[in-house]
Amino acid sequence: MIYRHHIAPPRAFTQFSHDLIRHPRLSSDAVRLLTWQLSLPEGAREPLSRTAERANIGATAFTRAKRQLKDEGFVHERRLQGPGGHWVTQQLVSSVPLVAAEAAKILARMPVAPASSVSPQVAPSPPSPTVGDPTPPPTDGYPNGDIPENTPNRPPKPPTGTPASPEPSPETLAAATTLVAAYPTLSPDLRHIPHPMRAELTALTARWLEAGHPPTVVRMHILRGLPDDGTPVHRPGGLLRHLLREVPPPPATTPAPSPTSPSPDRTPGPRLSARLTGTRECEGRHIQPRLFRPVGDENLCPACTAFPVR
């Protein structure tokens, strides 16, 4: 059983409605914040944040309590520009819920604090006068006059009279496009080449073809550049851009190898990756280049040997 003993205070008390104290949607922090504000003397201008500090209400609990009071209509806020151009925030705390229109009428009758009461730290400072017309900063080019001799890392001047590289012919571009489309079939590491990089790779491949490198040399150069230790290639497009950026001199013309010449996998030079060592490109008719591992000196894959094309 619960017994209550209540003695009315003779002074310093505030009357509150039971509906406010027993409000079903207000937390204990919200009720404490509201009753503390309503108990302040007439004319007090203590903000809600200061009341929360005095009532030992934390920052998170204060934010939640203030939101509840605003949602229920006990607290209203508005920002307006006062004398001197500074902005102030007016807070209205009511013992009964008010709608926005009712709160606006009450706030309209409240005086705005004069500019002299604003702290010097928050008062706006007088702007500096502008001298002359604004000029945009330079975006490119060189400054007027010569660059001083003691300036480190001076930018190189652009060369004059340098002939531009000739544009590849339509036939070369078509061959380069076909070659780039076949790159994903060379290795599983090149399977996912970004489609937006096809144009850039086509231009790089066309430079190799214009320099006199046949498609076979381009494909073998790419295969030699793949990692041979099983390291996965996360950016195949960037790897191809790196491999095709520098164009070596065109190969010298050599006579066709005789049947007694050593096999290509024994020819000294750059080696293929471990999983492609000993393979050879089939000389048969295929839509895409096909590598196979010969048993002897044959130049055709088993499919072409079983079904020769006439």
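This section describes the fold of the protein and several of its local features.

The model is predicted; local features require pLDDT of at least 70, side-chain atom pairs count only at pLDDT 80 or more, and totals for chains, interfaces and linings use all residues. Residues are numbered from 1 along each chain as its sequence is written, and side-chain values use heavy atoms, with hydrogens and water left out.

The protein contains 10 helices and four strands. Helices (H or I, at least four residues) and strands (E, at least two) are DSSP runs, numbered from the N terminus. Along the sequence the order is α-α-α-α-β-β-α-α-α-α-α-β-β-α. Of the 310 residues, 27% are buried. Buried stands for under 20% relative accessible area, exposed for over 50%, and partly exposed for values in between (1.4 Å probe, protein chains only). The accessible surface of the protein is about 23100 Å², and carbon and sulfur atoms contribute 57% of that surface. These areas come from the Shrake-Rupley method with a 1.4 Å probe; for residues, only the protein chains shown count as cover. Among contacts with a separation of 6 or more, 50% join residues 24 or more positions apart. A contact requires heavy atoms within 4.5 Å.

Helix α2 spans residues 28-38, and helix α4 spans residues 59-72. Their axes lie 8 Å apart, at an angle of about 75 degrees. Axes are lines fitted to C-alpha atoms, for helices over the stretch in contact, and angles run from 0 to 180 degrees between N-to-C directions. The α2 and α4 helices are therefore roughly perpendicular. That term covers 65 to 115 degrees; under 35 degrees is roughly parallel, over 145 roughly antiparallel, and the rest oblique. From α2, the residues D29, A30, L33 and L34 meet A61, F62, A65, Q68 and L69 of α4. By class, this contact has seven nonpolar, one polar and one charged residues. Nonpolar covers Ala, Val, Leu, Ile, Met, Phe, Trp, Tyr, Cys and Pro; charged covers Asp, Glu, Lys and Arg; the others, Gly among them, are polar.

Within α2, the buried residues are A30, V31, L33, L34, T35 and Q37. Their cover includes α1 (18-21), α3 (48-54), α4 and β2 (87-93).

V88, Q90 and L92 form the covered face of β2, while W87, T89, Q91 and V93 form the uncovered one. Strand β1 (residues 75-81) pairs with β2 in the antiparallel sense, over seven bridges. Pairing requires at least two DSSP bridges between two strands. R78 stands opposite Q90 of β2. The hairpin of β1 and β2 has five residues between the strands, and G84 there takes a positive phi near 85 degrees.

A positive phi also occurs at N56, a residue other than glycine, with a value near 60 degrees. N56 sits in the loop between α3 and α4. Its relative accessible area is 72%, so N56 is exposed.

T202 belongs to helix α7 (residues 198-210). This residue is buried because its relative accessible area is 11%. Neighbours within four places in sequence aside, T202 contacts L173, A176, T177 and V180.

P232 lies in the loop between α8 (215-225) and α9 (236-244). With 52% relative accessibility, P232 counts as exposed. P232 and P188 are 44 residues apart along the chain, and their C-alpha atoms are separated by 9.8 Å.
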